[in-house]
Amino acid sequence: MRFLSRRLVMPNDLNFAGSLFGGRILEWIDEEAYIFAACQLDTKSLVTKHIGAISFETSAYQGDVVEFGLGVKQVGRSSVTLTCVVRNKQTKQNICVADDIVFVHIDPASRQPQPHGKTKEQLDSIKIETPE
């Protein structure tokens, strides 16, 4: 699992109870997973097809820094399946785990699935710079 990006929990990210709103974290997961998949497959022509099991484990609060860990779980002919762990940067406690996030590579003109030409072995060997 590579922890690649971070976000600061701001007041507009909070729910009525003063903790990070579940909808906001799901928005962030979809965005971060898309960026990761697009970089791995070297394409922008991806759509989110499916987000599987989502488990909320602990809360995050205003001022917390959360970080996103992403990994390739499976690679299909035109799809890639990821796992995302969101954790508190300081405590390292998992806030949320989203499993089976599926992106499909599409042809920009026809919007139909198109092979991306990558294998899991190729994606696992990609060197990624991580923030310090």
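Colleague: Which residues are linked with Arg-6 and Lys-92 in a network of salt bridges?
Modeller: This is a predicted model. In it, Glu-67 forms a salt bridge with Arg-87, with the closest N and O atoms 2.6 Å apart. Glu-67 sits in strand β4 (residues 65-75) and Arg-87 in strand β5, 20 residues apart. The network of salt bridges links Arg-6 and Lys-92 with Glu-67 and Arg-87.

Colleague: Are Glu-67 and Arg-87 buried or exposed?
Modeller: A residue counts as buried when its relative accessible area is under 20%. Glu-67 and Arg-87 both fall in that class: buried.

Colleague: Which element of the protein has the highest mean pLDDT?
Modeller: The protein averages a pLDDT of 93, and 96% of the residues score at least 70. Among its elements, helix α2 (residues 120-124) has the lowest mean, 87. The highest mean, 97, belongs to strand β5.

Colleague: Which residue forms a salt bridge with Arg-24?
Modeller: Arg-24 lies in helix α1 and its partner in the loop between β1 and α1, so the pair ties together parts that are eleven residues apart in sequence. The closest N and O atoms are 2.8 Å apart, and the partner is Asp-13.

Colleague: Where does the salt-bridge partner of Arg-7 lie?
Modeller: Arg-7 meets the side chain of Glu-31 in a salt bridge of 3.0 Å, N to O. Glu-31 is partly exposed, with a relative accessible area of 38%. The pair links distant parts of the chain, 24 residues apart: Arg-7 is in strand β1 (residues 2-8) and Glu-31 in helix α1.

Colleague: How many disulfides are there?
Modeller: A disulfide needs two cysteine sulfur atoms within 2.5 Å. For Cys-39, the nearest cysteine sulfur is that of Cys-84, 14 Å away. For Cys-84, the nearest is that of Cys-96, at 7.4 Å. The count is zero.

Colleague: Is Cys-84 buried or exposed?
Modeller: Cys-39 is exposed, at 58% relative accessibility. Cys-84 has a relative accessible area of 0%, so Cys-84 is buried.

Colleague: Which residues does Ala-33 touch, leaving out those up to four places away in sequence?
Modeller: Ala-33 lies in helix α1. Its relative accessible area is 0%, so Ala-33 counts as buried. Beyond its sequence neighbours, Ala-33 touches Leu-70, Leu-82, Ile-101 and Phe-103.

Conventions: Residues numbered from 1 in each chain as written. Predicted model: local features only at pLDDT ≥ 70, side-chain atom pairs only at ≥ 80, totals over all residues. Heavy atoms only, no water. pLDDT = per-residue confidence, 0-100. Helix = DSSP H or I, 4+ residues; strand = E, 2+ residues; numbered from the N terminus. Buried < 20%, exposed > 50% of the residue type's maximum accessible area, 1.4 Å probe, protein only. Contact = heavy atoms within 4.5 Å. Salt bridge = Lys/Arg side-chain N within 4 Å of Asp/Glu carboxyl O.
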